[in-house]
Amino acid sequence: MFAKVLIANRGEIALRVARTCRELGIRTVAVYSTVDADSAVVRFADEAVCIGPPAVKRSYLNIPAVIEAALSTGADAIHPGYGFLSEDPDFAEVCEKNGITFIGPPGDLMGPLGDKAEARAIMARAGLPVLPGSDALATLGEAREAAERVGFPLIIKPVVGGGGRGMAVVDNPEDFTLAYQQARANAQAVFGDGRVYLERYVEAARHIEVQVLCDTYGNGVHLGERNCSVQRRHQKLLEESPALGLPVELTEQMCELSAQAARSIGYVGAGTLEFLVDSGGEFYFMEINSRIQVEHPVTEMVTGIDLVREQIRVAAGEPLRITQRDVQRRGVSIECRINAEDPARGFVPTPGPLHTLVLPGGPFTRVDTHGYQGWSVGPDYDSLLAKVVVWAPDRDQAVARMSRALHETLVEGPGVRTTGPFLQEVLAHPRFLDAKYSVLLVEQMLARTESA
């Protein structure tokens, strides 16, 4: 097992990783930018190293600075969390060259999987169904030909990156050229790679994802599915497990195929395969995220398995301790993302000092957060303030428990607003309550509000 792990991230995921390391008896090193000097993980970790100014390219994405921090503190492994360097094969390779274990898949596998167009082809060969689409597109002419072949509506997606950013739905050929050019420009600006690809757009789909765990000995299991369909502009707001409202046979098939596919490509570590399920009950692979995800707590709540702990164990060369038969899912878990955003103003970020921060407690209620009263939500990074997660024996109780937990949550400060009240509306919406909602739910709610 590792003696010391450097956590190459910030926010709630950095604290989450540090906590599991502490339970495993592993010392931790936090890295931070100058504006994160008072962050919770800096105080919690055994050591902390400042790696640069607020701009992420000069701090959290600064590979030489992160590696230097690891070497100078004697860290023998790096946990990247999610985002930032978590899916950067070059970073994994640099770690290896410096004798530091990257807690994640090997770089030579992460590279192809991080290219979402190539990942589609890999997973199709592994037996997963994929939507009609294209490879990465090099020219406008090539893109137009691909669009005619795929058909409308279609969606333009960045080849790299994640978090639902940079995607564009195009309903007809007349709008395609401008949308394609804007998508390339956005991808270049956000991810530093302007390549995009096309995929047929499935309207009113459900976004379902499957958690997998694999070791270096060819063992691999799935830990069930999550329903991540409550989204705004492809940004998730609420997740739940299991995905009730879908045929059990469908989700079982999706999960079993995911585990088989992960094993067949030699995947190592924690990963998530994302799917769309259409109104006819067909499912299609979208992409694989080769890292821990924001929504991993709902899977932990229904399986009782600490995913970060298993990530670390597998990276240390230990075999999986569980077989598929050992994975027993129980009850229902829901996670709500409390973002410092104002839904009434298009979910614009609302940075500012937290004069009051009251987080929920009570039975089967978990809060993952890096915020504390007196701390300020800065303008430099994402607006995720806390994840409120509940568990209950059935969905009705889980919904009621989450509603109670959100009601307890109090965040106050000059100019600070949160997504909490909007999530209360989601929980009370008839389509959510009957578990038959699609990715259109939030946009439909907002459209009614604007027309009222």
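Ala, Val, Leu, Ile, Met, Phe, Trp, Tyr, Cys and Pro count as nonpolar, Asp, Glu, Lys and Arg as charged, and the others, Gly among them, as polar. The structure is a predicted model, in which local features need pLDDT of at least 70 and side-chain atom pairs count only at pLDDT 80 or more, while totals for chains, interfaces and linings use all residues. Residues are numbered from 1 along each chain as its sequence is written, and side-chain values use heavy atoms, with hydrogens and water left out.

We can begin with the cavity, a set of points on a 1 Å grid over the protein atoms alone where a 1.4 Å probe fits but cannot get out.

Contact, which means heavy atoms within 4.5 Å, is made here by Arg-16, Val-17, Thr-20, Cys-21 and Leu-24 of H1 and by Leu-307, Val-308, Arg-309 and Ile-312 of H11. Of these residues, six are nonpolar, one is polar and two are charged.

Next come the sheets. Strands of a sheet pair through backbone hydrogen bonds, either parallel or antiparallel, and two strands are said to pair if DSSP finds at least two bridges between them. Five strands form an open sheet with parallel pairing, in the order S3-S2-S1-S4-S5, and its edge strands, S3 (47-52) and S5 (101-102), each pair on one side only. Two bridges join strand S4 (residues 77-79) to S5, and Ile-78 has Phe-102 in S5 as its bridge partner.

Another open sheet has three strands in the order S7-S6-S8, with antiparallel pairing. Strand S7 (168-170) and strand S8 (196-200) stand at the edges with a single partner strand each, so one side of each is left without a neighbour in the sheet. The twist averages 30° from one strand to the next. Strand S6 (residues 154-158) pairs with S8 over five bridges, and helix H8 (residues 176-191) packs on the sheet, touching S6, S7 and S8, with a direction that makes about 25° with that of S6.

Finally, a pocket is an open set of points with protein on both sides within 12 Å along at least five of seven lines. The second largest pocket has a volume of about 360 Å³ and is lined by 20 residues, of which Asp-342, Pro-343, Ala-344, Thr-418 and Phe-422 lie nearest its centre. Strand S22 (410-412), helix H13 (420-428) and helix H15 (441-451) each give two or more residues to this lining, with H13 giving the most, four residues.

Terms used. 1 Å grid on protein atoms, 1.4 Å probe; cavity = no way out; pocket = protein on both sides within 12 Å on 5 of 7 lines; lining within 4 Å. Points joined across faces, edges and corners; volume = space filled by probe spheres on them. Axes fitted to C-alpha atoms, helices over the stretch in contact; angles between N-to-C directions.
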